Amino acid sequence: MSLRIGVDTGGTFTDVCAFDEATGQVHVRKVSSTPDDPGRAILAGVAELLDQVGDRSIGDVGYFAHGTTVGTNALLTHSGVRTGLITTRGFKDLLELGRGRRPHMYNPQADKPVPFVPRELRHEITERVRHTGEIEVALNEDETREVVRALGAQGVESIAVCFLYSFLAPQHEQRVADIIREMLPDVHVSLSSEILPEFREYERLSTVVTNAYVGPVIFRYLSRLRERLAQDGLTATPHVTQSNGGVIPFATAEEMPVRLVLSGPSTGVVGAAQICSEAGHRDIITFDMGGTSSDVSLVQNGEPKITSGMELEGRPIRSPMLDIHTVGAGGGSLGWIDTGGHLRVGPQSAGAFPGPACYGHGAEPAVTDANVVLRFLNPEYLLNGQMKIDRAASVNALRAIGAPLGLEPEEAALGMLRVVTANMARAIRVISVQRGYDPRDYALVPFGGAGPLHASRLARELGIDTVVVPEIPGAQSALGLLMTDVKADFMQSKITRVDDARPEPIEAAFTHLEAQAAGWFDDEGIEHADRKVVRRLEMRYAGQNFELPIEVPENVDNSEALATVVGRFHAAHERMYGYQLENSALEVVTFRVQAVGKSTTVELTKSETSDADPSQALDSVRNAYFDAETGYQECPVYRRDALLSGNRIAGPAIVEQMDTTTVLLPGDDCLVDELGNLVITIGEAS
């Protein structure tokens with residue numbers, strides 16, 4: 001068993017990547033996604049890839065990992081299951097009350113998101129735990145049985161349980177779970193004390209409700225896919241990506257689906273961080289542009305930034321995850337004209353079907369059509385000829401949207417690219433400028449099917465002077481699945497004052513969490529030599545309402561180590577807020593431990609450097625439209641697979657490969673490095 005396979009399901013394409021441990025070769029296949037049944041495209045893609053590799057079967061696969069958007073899509077399309085909620089008496093409306101803030105301060109007409117659990121399915125039970133963890137009012141079990149019986153009669157498929165301060169004393173939630181499983185054995189149960197043992201009642205409630213809402217959807221999808229893979233002959237344990245960038249077995253993920261919200265884009269960031277660190281670019285901004293959306297993230301010193309949560313459509317989800325920001329700007333994003341007569345792009349997408357106009361099924365102009373019209377994309381086919389396209393259909397679509405604005409098709413296409421570039425730049429500023437980081441200090445790393453197409457324009461917009469295009473950018477997330485480790489997160493809220501003279505309470509809290517991590521390592525069968533534990537604290541100045549994550553040394557059982565942690569917090573606070581209060585008291589709010597099980601990953605190999613002349617890779621010359629002043633210009637087109645380490649390319653130029661196309665604008669200079677990356681120095685920024 002020498003094949004390792006990673007599968008990433010996107011809105012438009014499903015990418016399948018295989019690493020052959022025997023030969024060291026990487027094989028890639030792209031197939032159209034099947035949104036009605038994502039597993040169908042996965043099985044088809046794996047079968048096609050095995051045929052492509054030659055004389056191999058799924059029985060030769062020793063590792064299988066999958067990144068999925070099934071959970072995210074269920075949340076965005078409100079297609080989860082009928083869910084009930086059991087909570088402490090007096091708190092059933094907290095799900096709607098939230099923090100009492102208006103979503104848009106100056107728009108009194110703005111609506112809050114509709115709760116996943118309607119009011120008639122929210123039930124209260126008499127019980128009470130104090131903020132100290134002391135039980136003040138015992139659980140009323142008779143009342144509990146009445147409530148569970150009522151929820152069963154209401155036809156719920158899933159029940160969320162969230163009691164006040166249960167993260168300190170989970171006994172009541174655990175007893176309610178026992179009663180539910182006794183009375184309604186087929187109903188999915190989610191406990192807040194297991195899903196998120198942290199303080200802040202609203203965020204914990206929202207997270208456990210989200211988990212319950214998508215739990216059965218994820219369970220059915222993963223369990224069915226697991227069975228279908230086994231029927232085809234897969235004997236390896238299939239894994240799925242978590243939002244934290246690590247993978248876990250399908251069976252484990254089925255128990256805590258909320259941790260898969262960013263399953264799709266997370267491994268692309270992990271893989272890009274590893275590739276670029278090896279290439280000498282440790283500070284990067286990743287830019288994953290697919291068919292439906294673009295995901296951006298910041299990597300500092302080779303490590304992706306971690307956050308403890310996010311908001312999805314105004315609903316808070318607290319779970320350890322990579323700090324990824326998503327915007328509705330992809331190759332399938334549609335152009336349209338708003339009521340003010342302005343050209344807009346997205347977030348509506350053509351999806352896999354009907355797709356952009358050039359696919360032959362739709363008539364509305366997508367970003368892909370704009371690139372076809374400008375001839376940045378091959379005007380005859382994509383995917384090395386696997387997909388024929390119709391450039392005339394793209395021209396007609398751009399003519400239709402440009403005519404009301406008095407624009408020719410090429411001018412309308414350039415307008416769409418400018419708009420979508422501005423949308424993507426705004427997303428990058430969220431994870432950089434708004435976090436206290438200057439994007440000009442980072443290299444831009446584009447991947448996804450459309451990322452390298454737009455990277456040079458985006459870099460100019462942000463003032464970034466270096467772009468690094470990985471060797472297999474169109475399937476980077478699938479490749480990243482073969483470069484990540486098995487991970488699990490453990491956390492506990494416990495407000496603790498930081499005292500340099502008494503580091504023992506902090507060390508004791510970590511010891512408790514690391515005992516849980518050790519149990520997880522044992523359950524997963526991870527060898528001691530492959531185990532790693534990462535500690536983090538969420539800290540704040542006493543009296544503040546929000547905290548910052550700080551990574552800590554392995555041991556904080558001495559004053560010197562604790563002083564290092566304090567110094568890191570002051571620096572992080574100044575970067576984020578512009579000031580620090582060195583003499584103010586500090587407190588820890590939440591302790592976090594990440595357990596990492598090292599796994600075998602794709603080995604990066606370096607090539608010998610050749611000369612600068614790339615002529616052996618020159619495939620053709622075609623006219624491309626870069627701006628209205630110069631119109632169409634002759635532009636050399638190079639084959640990516642024929643480029644050698646050391647080759648240099650001057651823009652304007654186009655580099656084509658099966659999974660994507662890279663565009664160099666006039667003035668750009670590109671060097672192929674030892675790892676096969678295209679390192680582009682941006683002309684205007686230089």
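Modeller: Let's start with a pairing: in E15, Gln 300 has Glu 303 as its bridge partner. One caution: this is a predicted model, so local features need pLDDT of at least 70 and side-chain atom pairs count only at pLDDT 80 or more, while totals for chains, interfaces and linings use all residues. Residues are numbered from 1 along each chain as its sequence is written, and side-chain values use heavy atoms, with hydrogens and water left out.

Biologist: What makes E14 and E15 a strand pair?

Modeller: Two strands pair if DSSP finds at least two bridges between them. E14 and strand E15 (residues 303–304) have 2 bridges, in the antiparallel sense, so they meet that cut-off. Strands here are DSSP runs of E with at least two residues, helices are runs of H or I with at least four, and both are numbered from the N terminus. The two strands form a hairpin with 2 residues between them, and Asn 301 in the turn has a positive phi of about 55°.

Biologist: Which other strands does E14 join?

Modeller: Strand E13 (residues 284–289) runs antiparallel to E14 and is joined to it by 6 bridges. Strand E18 (residues 324–327) is also antiparallel to E14, with 4 bridges. Val 296 stands opposite Phe 287 on one side of the pairing list and opposite His 325 in E18.

Biologist: Why is E14 called largely enclosed?

Modeller: Because 6 of the 7 residues of E14 (residues 294–300) are buried. Buried means under 20% relative accessible area, exposed means over 50%, and partly exposed is in between (1.4 Å probe, protein chains only).

Biologist: How do you know that Glu 198 and Arg 592 form a salt bridge?

Modeller: The term needs a side-chain nitrogen of Lys or Arg within 4 Å of a carboxyl oxygen of Asp or Glu. For Glu 198 and Arg 592 the closest N and O atoms are 2.6 Å apart, so the pair qualifies. Glu 198 is in the loop between helix H6 (192–195) and helix H7 (201–232) and Arg 592 is in strand E28 (residues 586–597), so the bridge ties together parts 394 residues apart in sequence.

Biologist: Is that pair buried or exposed?

Modeller: Buried: Glu 198 has a relative accessibility of 1%, and Arg 592 has a relative accessible area of 10%. Arg 592 also forms a salt bridge with Glu 538, where the closest N and O atoms are 2.8 Å apart.

Biologist: And what makes Arg 56 partly exposed?

Modeller: Its relative accessible area is 23%, so it falls in the in-between class. Arg 56 forms a salt bridge with Asp 60, at 3.4 Å between the closest N and O atoms.
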